[in-house]
Amino acid sequence: MTAAAVNDIEFRSVSKRYGEVLAVSGIDVAVPKGAFVALLGPSGCGKTTCLRMIGGFEQPSEGTVLIDGQPMNGVPPYRRPVNMVFQHYALFPHLDVEANVSYGLRQRRPRIERREVAKRTAQALELVRLGGFAKRRVHEMSGGQQQRVALARAIVNRPAVLLLDEPLAALDRKLRTAMQIELQSLQRELGITFLLVTHDQEEALSMSDYVCVMNAGQIVQMAPPQEVYDRPRTLFVADFVGKTNRLSGTVEAGGTTLRLGDGRALPVVAQTPGAVTAVLRPEAIRLDRGECSERMDALGGTVTHRIFLGNAVEYAVAIDGLGEMLVTADRSAARDPAEPGERVNLSFKPESLLVFPA
Amino acid sequence: MATRAGTRHRFVTAALAAPAALWMLVFLVLPFVAMLVFAFGRRAPEGGYLPGFTFEQFLNLPARAAAFGNTLMLAPAGALLCLLVAYPVAYYLAVKAAPRHRLVLVSLIVVPFWTSLLVRTYAWMYILGSRGLPNLLSTIGLPDLRMLNTPGAVLVGIVYGYLPLMIMPIYVSLEKLDRRLLDASADLGARPVSTFLGITLPLSLPGVMTGVALVTILLLGEYLIPQLLGGGKVFFIGNALVDLFLQSRNWPFGSAIAVTLVLVVVVVLTVAMRIAWRFAGTRRVDLV
């Protein structure tokens, strides 16, 4: 028995150059079988290029892309065991829903029996809850329905890996949330690897088993969503995934005190001494009404803005001598919310201060 | 208030449409009515037209069957030949050529239009004439070949003269084809040939139909090419009309032929377009 490949997709020092521009630079990454992985990054970070190299629409300038353990250099898209859900769906406008979905099956050689094609097509449509829509023209359907057609058209081929290029970008917020849940359950049901490209951190965090954060053609961190959020490896990741408050200062000898520019000292969990940028999540801060105490780690300030977010309240607080900080408070904790102009006191646990060498 | 705005709007629309309507009335409708009247009239002894109402002219139509036959055979054949040559060119221009070269290549196709078709067709007379290509072929030992004044010569002239008119609409429809559809097709396992037959070709059919209709309609009235490259032997209805109106001055018979041609064109095109659109509009254009 030969050992089956553990990874569905593997990049071995893959680079992609467009003329002078290095879009992807020396990426090494492995996507384990059956995982839901989100490639997250700002536009132009090379994430779509990575996806297109897996699909076979781009060839790496250097390195090798492996699918299911097989090197894919020079293999054209139509011979790769992956399928893609394109941004804006790229449905065939001259074909009806059924013909769109069965397109891949009808390309198979040797041919699949007509009845079998019809059966699998119907199953795929059923799976995306478009049972009665087989004979519709695609332009007669809403954005959300077109999205499902695109999904059905891809999964009907039972690919080893499903590639999704910003699949939810064109949908409105409510539909997007619904589709996030559906995509997740679809992935569990099918058990195939999903690789999703997105610039929306919320989408990446909510759906995937692993988030792969990219910046400037490189992978910065690949980890489960919670780890990416709680223990970002770099300042970039911390900034890109979630809201942040930044503080610059120096960790003093001993490594447990962060001295800020104005001389204020904050306690930190053991760090290497030196100049640092510290990051504090808005929801890790506790806001108390009233005058600031005289403790050295206290941050006293004045509320400048209060933004109602529905399930939470966000405050902008001008800290004396430090500038503005964002604080998110649960609504339950904020039944009696602070008013703009009011004096408040901010505090936080030392371990919630994320410290990065400057 | 709304009615006054509506009246004014209608007045503006009418004013804008008036020049075109007047033009069509004077140069299309009135001549056509005149032709209808002539077609049912009699020929004056010295030529020209005598009023009357008779079907005599239409009963004479079989006398010009050859002209009808040539036109109805060679015009669609020429259009199809044009299509076969034009499609690959349009495909190359729209899909394969680098965008920065496109403008140059497209203008290369249009530039010959700056010279009169008459002059260019004359050039073909020499190329296909006995001192042209046949002469060249016989010097390398091939048997003597007559090229000029054959249906083949007329077809060559047609393809040469009408090619740009066929390339342009096809180019336009291929140019606006969404490239992501081709990626999607390949992603779903379609080989390049299948992608072409299943996606590219069906989506470019509107351009193809426009080109074929345009060229066919123009060819049905063609006069110059059969005159120069067909000699007296391969002649179109256009040539017969010139002959009847200007040489033998048989206006009623000429009118009858012209009216019949218009009717044939309308019927043929209606049927052809109906079939073509039904084909393109089917839920599944599956040529594979």
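Let's start with Phe196(B). Its relative accessibility is 24%, so Phe196(B) counts as partly exposed. Keep in mind that this is a predicted model.

Now, which ring does Phe196(B) pair with? The partner is Tyr91(B). The ring centres are 5.7 Å apart. The planes meet at 85°, and that is over the 60 degrees cut-off, so the pair is edge-to-face.

Next, the overall tally. Over all chains, there are 14 aromatic pairs. One of them joins Phe38(B) and Tyr49(B). Here the centres are 4.6 Å apart, with 35° between the planes, and the pair is tilted. Phe38(B) belongs to helix α1, residues 2-39 of chain B. Tyr49(B) belongs to strand β2, residues 49-50 of that chain. The separation is 11 residues.

Ring pairs connect Phe40(B), Phe53(B), Phe55(B) and Phe58(B).

Over to chain A, and charges on rings. Arg153(A) lies over the face of Phe92(A), 4.7 Å from the ring centre. Arg281(A) puts its charged end over the ring of Tyr229(A), 4.1 Å from the centre.

Last, the domains of chain B. Domain 1 covers 1-33, and domain 2 covers 64-280. Their C-alpha centres lie 35 Å apart.

Note on methods: Residues numbered from 1 in each chain as written. Chains lettered and ligands numbered in written order. Predicted model: local features only at pLDDT ≥ 70, side-chain atom pairs only at ≥ 80, totals over all residues. Heavy atoms only, no water. Domains from an automatic or database assignment. Phe/Tyr/Trp six-rings, centres within 6.5 Å; stacked < 30°, edge-to-face > 60°. Helix = DSSP H or I, 4+ residues; strand = E, 2+ residues; numbered from the N terminus. Buried < 20%, exposed > 50% of the residue type's maximum accessible area, 1.4 Å probe, protein only. Lys NZ or Arg CZ within 6 Å of the ring centre and 35° of its normal.
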